[in-house]
Amino acid sequence: MKQTTRPHPRAVLLGVQLPGVSDAELQSSLDELARLGKTLGVEIVGRVTQRRPRLAPAAVVGEGKLRDLAGYTGGTGVVPSGAPRAKRPSAGREPEPELEVREEEALGTGAPGAAVHAGVVLVDHELSPSQARNLERATGAQVLDRSAVILAIFQRHARSREARLQVEIARLSYEAPRLRQTGGGRDREGGGIGGRGAGESALELDRRKVRDRIAELRAELAAIERESGTRRTRRGEQNTVALVGYTNAGKSSWMRALTGSGVLVADELFATLDTTVRALRPETAPRILVSDTVGLIKKLPHDLVASFRSTLEEARDGDLLVHVVDASDPALATQIAVTLAVLAEIGADQSPRWMVLNKADRLDAEARERLASQWPDALLVSARDPQDVAALRARIVAFFQRDRVEAELLVPYAKQRVVGEAYACAQVLAETHDEQGTRLRVRATPQALARLRAALDGP
Ligand SMILES: Nc1nc2c(ncn2[C@@H]2O[C@H](COP(=O)(O)OP(=O)(O)OP(=O)(O)O)[C@@H](O)[C@H]2O)c(=O)[nH]1
Ligand SMILES: [Mg+2]
């Protein structure tokens, strides 16, 4: 082994093939889980799957598969009967407040003879607290379900105060019921809320602390959102386009291409958590604002949707939604369906919407043809192709010009601020001055025109 590179913690994937799920669907779901794991920095060393009518209540899979799983992790492969063993002392460290992949354990060499030792098990299903605990006891590894993995990525990628608060609220909400049912405070590391003692009183204390903390964070978030709410209302006067879609589809790449902004583009899942708003370049008069939004994913934990609601509402408030799809991903149909479902959930399914099949540069002629006939209304493009960028920009500009009407406005000298407003929300074709005031010839939407006239009639 090279000494310079720090090895990644190793993980094994666990998935159950439920009735109605094809082999391909199962594998594609596990592929996605593997990508989520890689985003967290773990190396995937194997997959254990089982076809079952439902998840085994005790430990997701049956006894035989549990032993297979332990072959990767070095555990006993058996769920011990009786009370959970006492917690290992955590080397005098304070409990980590984050759901983190514990590298030191993942790198352990506990399994004599095991070729690859995985310290982490990623499960492609929502786990009950007892399933998680049993799996941990049988495998000796850290067990994370899909929601926990997504939450950990969000936690790692959150930059702004707003995003950090949203993630923290989601994480506490995710953990609260688990805390309730473990019966002795948290017995899994990584959650680290409240006391460690066993018994009802400690549990009560933990629960209250979590509730209080969530309330506190919500209040803080509400204050921030009130402010960004006013920012949004101000933007409400302008033309806005929201880029929405599945994570890694290329939203931020389009944001960069359309606006020249330096937003982060990365080949990882959930690179973007904060909404960024920038003007379309070259600038139009009035300006068209483009916003880049948080990506979506299959089985996005409900707590995250709830807590990122206001961020997602940025998309709902757009005059036009550009739904970016990774056309080179074999799972694009599922990704489209998931995106549309979330848009419907947040009430964003009423706005005009275009579908952009992105990454067309990765497709051969045959695939392009197939997609074009399958999604006849979509645009097949690449964020990397300047011609495609110019074409989409032109379509966006045309969209906002569509219902424009021309009008003449006389702005008295006492109300010159309306001239500024006209430049902000309309295209000013001519400006002349006479003794009565400023005469503007404008082209604007009927709504913008009505606003300007109201401003002229008002005090
Ligand atoms: N080949 C190719 N790659 C692209 C294209 N658009 C984006 N990518 C790549 O796809 C990856 C994801 O792009 P992003 O723009 O960060 O995707 P996103 O939708 O913002 O993703 P999240 O913020 O994580 O939800 C990056 O590695 C990009 O370079 C494209 O048109 N062609
Ligand atoms: Mg992004």
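How far is an oxygen atom of ligand 1 from an N or O atom in the side chain of S253? The distance is 2.6 Å, a polar contact in the sense of a pair of N or O atoms within 3.5 Å. This is a predicted model, in which local features need pLDDT of at least 70 and side-chain atom pairs count only at pLDDT 80 or more, while totals for chains, interfaces and linings use all residues. Residues are numbered from 1 along each chain as its sequence is written, chains are lettered from A and ligands numbered from 1 in the order in which they are written, and side-chain values use heavy atoms, with hydrogens and water left out.

**Ligand 1**

- Ligand 1 is surrounded by 23 residues, the closest being K251, S253, A271, T272 and D361, where a residue is near if one of its heavy atoms lies within 4 Å.
- Helix α8 (residues 251-259) gives the largest share of the shell, three residues; helices here are DSSP runs (H or I, at least four residues) and strands are E runs of at least two, numbered from the N terminus.
- The shell divides into seven nonpolar, nine polar and seven charged residues, with Ala, Val, Leu, Ile, Met, Phe, Trp, Tyr, Cys and Pro counted as nonpolar, Asp, Glu, Lys and Arg as charged, and the others, Gly among them, as polar.

**Helix packing**

- The axes of α8 and helix α13 (residues 386-401) come within 10 Å and cross at roughly 75 degrees, the axes being lines fitted to C-alpha atoms over the stretch in contact and the angles running from 0 to 180 degrees between N-to-C directions.
- The two helices α8 and α13 are therefore roughly perpendicular to each other, a term for angles of 65 to 115 degrees.
- W254, A257 and L258 of α8 meet D388, V389, L392, R393 and I396 of α13, contact meaning heavy atoms within 4.5 Å.

**Backbone features**

- A cis peptide bond, with omega about -15 degrees, joins R281 and P282, and P282 lies in the loop between β6 (276-279) and β7 (288-292).
- V60, in the loop between β2 (43-51) and α2 (63-73), has a positive phi near 75 degrees.

Note on methods: Polar contact = N/O pair within 3.5 Å; in protein donor to acceptor, adjacent residues only side chain to side chain. Parallel < 35°, antiparallel > 145°, perpendicular 65-115°, else oblique.
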